[in-house]
Amino acid sequence: MPVSHRHFAARMGRWGATHPWAAILLWLVAVVGAFSLGTVVETREATDQDLLVGQSAEAARLVEENGLRHPASENILIGTRAGQATGAQTAAATELRGRLSVLPEVASVSEPIGSQDGRVLLLQVALKGDADTAADRVTPLLAATADAQKQHPDLLVEEVGDASIKHDFQDWLAKDVQKATTISVPVTLAILLLVFGAIVMAGVPVLLGLMSVASTLGLWALASHLVPDPGMVADVIVLMGLAVGVDYCLFYLRRYREECADGYDPASAVGIAAATSGHSVMVSGIAVIVSAAGLYLSGDVMLASMATGAIIVVAVAMISAVTVLPALLVKLGRAVDRPRVPLVRRLSQRSGTPRVWGFLLRPATRHAPAALVVAVGALVALALPALGMDLKATQVDDFPRSLSTMQTYDRLVDAFPSTANTDTVAVRVPAAGSDQLRTRLTQLSWSIQQDPLFAKDGAPRIRYSADGRGAVLEAGTPTAPGTGAARDSVTRLRSDLVPDALQGLADVEYAVGGAQAEDMDYTSNLNSRLPLVMGGVFALTFLIILVAFRSLVVAMTTVVLNLLSVAASFGFLCLVFQRNWAEDLLGFTSTGHVVSWVPILLFVILSGLSLDYHVFVVSRIRESVLAGMTTKNAIVDGITRTAGVVTGAAAVMVAVFATFGTLTFIEMKQIGIGLAVAIVIDATVIRIYVLPAAMTLLGRANWWPSRIGPSGRLPKPQPAETRLDGNARV
């Protein structure tokens, strides 16, 4: 079999095989050093301002410039379990107000505010310090509220606010993600045992995958000072690191075992694996990295941070697979295939071509046009629901009701409707316009109170800057962010009420912000950037495959297959999450939307991950062509010979992604299920029907413009490898 020893993966594999202890020691030092960074360098968290785009970002800037940013605030509800107002509520509210006022974390506590029906009292507590880090300081308030509840068991004393919700949510999400990680590791190990039938060989990929994740978590702490962490990067690192880290090692190990079975000593088998599977790992890894880099074109801090985490963990996993893995294989030698699991071992080492794969590939190779039309038609049909995709950013109202703070939030909104959502109008004028500013905002406040889209349980609140040049008007709405009425309120302010009220003011700056405005601006930004991201990723994917295979046709085919699998997964995502038929099956409550940033993240990750199998399979097909087979026979040979490893690799990815799909948080559930479904589509429909049918129809044109000689082979150097029996292999 012709292999090249001139590329990076082959050279690194050869170096690791000849200097195993040096490679292992350097890797351990690198892992320990990288992980230690996370204990020394504090991760920089993204602020609310970092995550805003469009007019919402401008509104936040004006609020900050006016010196009118709200401190973090918490809401304490005191109600009765029977629903009837009692004098005990007032006494409890007064007592709790006194306790909260003396806490060092508290700036002020309001007088008790009664609901419209008089059944609930509200204490509004302002916290000291930076609002972005208030969740770190809210624990004493929660403790005081819990003590008040114990002292007044007949009342319902509860606390809710951005800080307490974030505190509650982060604890809950950390436990949920930990559960998924705990499940995914043994499941991955079990799959690898089925693939290899040997405990050591199954354990090596898991070990290197976990080491890649640990290293990246440390490196991310340093990288976050360039791109701040919005809170989910560590989850993406774990998700991607386990999946690609195990898969890259799996490709390498499977080829190594094949060469050992053919009679080669460990060092020679490592050399062949490095020159073939190692090269495929490098191409796949670079493709994933380049695809993830496409997220930088989104102009979004959250996606850029996730891209950075994904790039680092894929790079670490790729480098470990082509450097330390060859060294481990040489030092372990034949022991890597021990101890063996008897029955599983026999199944994993069956020789010959599996009959089932010949049967599955028969329609695609014997009836290529019909197979291609049917398979592509099915994928297009599955993709059609994506045309009705409804995007929405996750808001507080979307958090699971299993959180006690969210149950309190619902009671707060029910008792005080104006707290459901607040639209913010930020204004800045020159010094000469300060008097007019007050008149205009008073008129705007009156117009808002007459509009049915806004809450009626309180007039808009207007705050002015110390210099009188700036102001913030806050108007409550009775509907939560994400609803049609909430969107209409922002549109009304932006297109009618605010421009009309401020018309004629010289050099005025104004912007409308708030939770609903942030959602609309964020989604609009992603929609406008999506074509740029997709075009960039497809162009770079095309170039990578063109360089790797020197074929325009293979590169174009790769892009088209990527588009098909991604579109089909988007359609499935809409079918599941924009409807309610799968709620009981998957354990979620449909919001009727897809989270706005999930499709673009899925597109970029899937564009890279789908190349894992594609590059590996097409590389084997190309090897068979180089060995003298016809294209049709090479397709069957390449797909059947890679069937075991690709199926195993796909099973690992699906298992890892599916465990994250079991999480309660809708964002992680959509990511996990979207990735798992896309991998299943890629490893079955694309690999078994679309790819072989397309390549069969194209025939020798697959390799154009590479020249094919009279023998049907692509000219390429064919260095020799030495087997244990002394015979040379070309």
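**Inside the core**

Me: What makes Leu-609 a contact partner of residues beyond its neighbours within four places in sequence?

Reply: Leaving those neighbours aside, Leu-609 is in contact with Met-240, Val-244, Val-288, Met-653, Phe-657 and Ile-679. Contact here means heavy atoms within 4.5 Å. Please keep in mind that this is a predicted model.

Me: Which residues have the most contacts inside the largest nonpolar core?

Reply: That core has 172 residues, and those with the most contacts inside it are Met-240, Tyr-248, Tyr-256, Trp-597, Leu-609, Phe-657 and Phe-660. Helix α9, residues 233-261, gives the most to this core, with 18 residues. There is also a second, separate core of 22 residues, which includes Ile-78, Ala-93, Val-109 and Leu-155.

Me: Why is Asn-421 called buried?

Reply: Buried means under 20% relative accessible area. Asn-421 has 2%, so Asn-421 is buried. You will find Asn-421 in strand β7, residues 421-428. Not counting residues up to four places away in sequence, Asn-421 touches Ala-475, Gly-476, Thr-477, Thr-479, Pro-481, Ala-486, Ala-515 and Gln-516.

Me: Is Thr-216 buried or exposed?

Reply: Thr-216 has a relative accessible area of 0%, so Thr-216 is buried. This residue is found in helix α8, residues 199-223. Leaving aside its neighbours within four places in sequence, Thr-216 is in contact with Ile-237, Gly-309, Ile-312, Val-313 and Val-316.

Me: Why does Leu-142 count as partly exposed?

Reply: Partly exposed lies between the two cut-offs, under 20% for buried and over 50% for exposed. Leu-142 has 24% relative accessibility, so Leu-142 counts as partly exposed. Leu-142 is found in helix α6, residues 139-151. Not counting residues up to four places away in sequence, Leu-142 touches Glu-159, Ser-164 and His-167.

Me: Why is Gly-661 called buried?

Reply: Gly-661 has 6% relative accessibility, so Gly-661 counts as buried. Gly-661 lies in helix α25, residues 643-661. The C-alpha atoms of Gly-661 and Gly-672 are separated by 4.2 Å, while the two residues are eleven apart along the chain. Leaving aside its neighbours within four places in sequence, Gly-661 is in contact with Lys-669, Gly-672 and Ile-673.

Me: Where is Arg-550 found?

Reply: Arg-550 is in the loop between α20 (515-549) and α21 (552-577). Arg-550 has a positive phi of about 55 degrees although it is not a glycine. At 48% relative accessibility, Arg-550 counts as partly exposed.

Me: What kind of peptide bond runs from Trp-704 to Pro-705?

Reply: That bond is cis, with omega near 10 degrees. Pro-705 is found in the loop between α26 and β12 (721-722).

Me: How many cavities of 30 Å³ or more does the structure hold?

Reply: The structure holds six of them. The largest cavity has a volume of about 60 Å³.

Me: What lines the largest cavity?

Reply: Its lining is made of Ser-610, Tyr-613, His-614, Val-617, Asp-682, Ile-686, Arg-687 and Leu-691. These lining residues divide into four nonpolar, two polar and two charged. Helices α23 (598-626) and α26 (666-698) each supply at least two residues of the lining.

How values were computed: Residues are numbered from 1 along each chain as its sequence is written. This is a predicted model: local features need pLDDT of at least 70, side-chain atom pairs count only at pLDDT 80 or more; totals for chains, interfaces and linings use all residues. Side-chain values use heavy atoms; hydrogens and water are left out. On a 1 Å grid over the protein atoms alone, a cavity is a set of points where a 1.4 Å probe fits but cannot get out, and a pocket is an open set with protein on both sides within 12 Å along at least five of seven lines; lining residues have an atom within 4 Å of a point. Grid points are joined across faces, edges and corners, and a volume is the space filled by probe spheres set on the points. Helices (H or I, at least four residues) and strands (E, at least two) are DSSP runs, numbered from the N terminus. Ala, Val, Leu, Ile, Met, Phe, Trp, Tyr, Cys and Pro count as nonpolar, Asp, Glu, Lys and Arg as charged, and the others, Gly among them, as polar. A nonpolar core is a set of buried Ala, Val, Leu, Ile, Met, Phe, Trp, Tyr and Cys residues joined through side-chain atoms within 4.5 Å. Buried means under 20% relative accessible area, exposed over 50%, partly exposed in between (1.4 Å probe, protein chains only).
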